[in-house]
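Q: Hi, I'm new to this one. Could you put it up and walk me through it?
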Amino acid sequence: MKIPGISIPIIQIPLEKNIRLFMKREDLIHPEISGNKYWKLFYNIGHYLEQNPEKPFIITFGGAFSNHIAAVSALGRDLGIKTLGIIRGEELQYKWRENPTLTFAQENGMDFRFVTRAEYRNKEFLTQILEKELPDALIIPEGGTNKSAVEGVQHMLNDGTKSFDYLCTAVGTGGTVAGLSKFAEDHQKVLGFTAVNDDSLNDSVLSLSGKKNFELIGAHEGGYGKISDGNIRFINNFSAKSGIQLEPVYTGKMMKKIFELIEEDFFPENSSILAFHTGGLQGIDGANGMLKKQHRPLINVIKS
Ligand SMILES: Cc1ncc(COP(=O)(O)O)c(C=O)c1O
């Protein structure tokens with residue numbers, strides 16, 4: 001993987017208050033390995049390929065709509081690396097073809113092993129078995145989060161991000177917010193908007209980052225992957241006004257919560273906020289499929 005030569009745009013989102021809000025379009029970095037996924041994989045893959053150039057093999061974990069699974073499969077295709085996804089939910093072995101994320105991953109050459117939710121929760125044990133079975137493989141944890149991922153996230157920051165008072169990202173496994181926290185300027189506060197209801201996140205982010213300049217703010221609206229009608233309305237309004245597409249699991253929830261906090265005067269006057277668009281737009285197809293079955297409003301897909 002290379003550091004892409006493109007400069008990522010930072011777009012201002014107009015507000016009626018005396019606060020400046022911007023979005024860094026990290027999602028534009030790669031059409032399929034988008035946003036934070038690119039940077040979380042960057043050093044993981046780089047270090048591994050230096051040591052295993054001959055028959056590289058990557059194993060990773062994810063749920064049925066995982067952006068990380070989609071990204072790893074695309075990366076495997078592009079770099080000619082065999083990939084194996086350990087997928088949560090044994091029932092999916094009979095119906096994964098109905099799932100756009102898994103279909104995309106399989107078309108990119110990814111093989112799957114479907115495991116029960118109980119087995120998936122015990123990922124440490126699964127990892128031990130896989131290490132014995134395939135000792136030369138690179139095993140990347142769920143969401144790609146580990147120390148190398150945190151190092152990669154530093155590339156989301158540059159001279160153009162230094163002056164902002166707040167750096168905001170959505171949080172799943174915590175690697176991205178930990179990287180922003182570790183590499184932020186001393187005057188910056190990092191806000192992580194949690195897409196999962198997980199009390200252990202604060203400790204894991206702190207141990208990856210080593211700094212206390214971050215705050216986690218609940219944004220999951222009832223749990224990971226839960227999509228409310230309010231969330232859909234927000235995403236559709238936001239994209240119509242700004243021309244920026246959001247998705248319902250991470251960036252849609254983060255931006256909705258940022259707007260609520262602005263309304264509640266959480267941010268001091270004159271402050272500047274930079275929210276990272278961490279990608280994940282591949283998940284919209286799957287979400288709309290589910291919403292359609294439930295006869296609910298759909299997420300509008302715009303061309304940006
Ligand atoms: C679109 C999107 N935003 C945010 C996140 C959260 O990142 P992390 O797992 O590093 O907290 C993810 C997961 O990788 C994601 O796919």
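Q: Which element gives the most to the shell around the ligand?
A: That's α1, with three residues. Helices are DSSP runs of H or I with at least four residues, strands are E runs of at least two, and both are numbered from the N terminus.

Q: Before we go on, what kind of model is it?
A: A predicted one: local features need pLDDT of at least 70, side-chain atom pairs count only at pLDDT 80 or more, and totals for chains, interfaces and linings use all residues. Residues are numbered from 1 along each chain as its sequence is written, and side-chain values use heavy atoms, with hydrogens and water left out.

Q: OK, how many residues surround the ligand?
A: 16, and the closest are Gly172, Thr173, Gly174, Thr176 and Thr278. A residue is near if one of its heavy atoms lies within 4 Å.

Q: What about polar contacts there?
A: Those are pairs of N or O atoms within 3.5 Å. A backbone N or O atom of glycine 172 is 2.7 Å from a ligand oxygen, and a polar backbone atom of glycine 174 also sits 2.7 Å from an oxygen of the ligand. For asparagine 67, a side-chain N or O atom lies 2.8 Å from a ligand oxygen.

Q: How much of the ligand does the protein bury?
A: 98% of the 380 Å² that the ligand exposes when taken alone, by the Shrake-Rupley method with a 1.4 Å probe.

Q: Switching topic: which domains is the chain divided into?
A: Domain 1 (10-32 + 150-293) and domain 2 (37-144), with bounds from an automatic or database domain assignment. Their centres, taken over C-alpha atoms, are 25 Å apart.

Q: So why does the ligand lie between them?
A: Because domain 1 and domain 2 both give residues to its shell.

Technical notes. A polar contact is a pair of N or O atoms within 3.5 Å; within protein, one must be able to donate a hydrogen and the other to accept it, and residues adjacent in sequence count only if both atoms are side-chain atoms.
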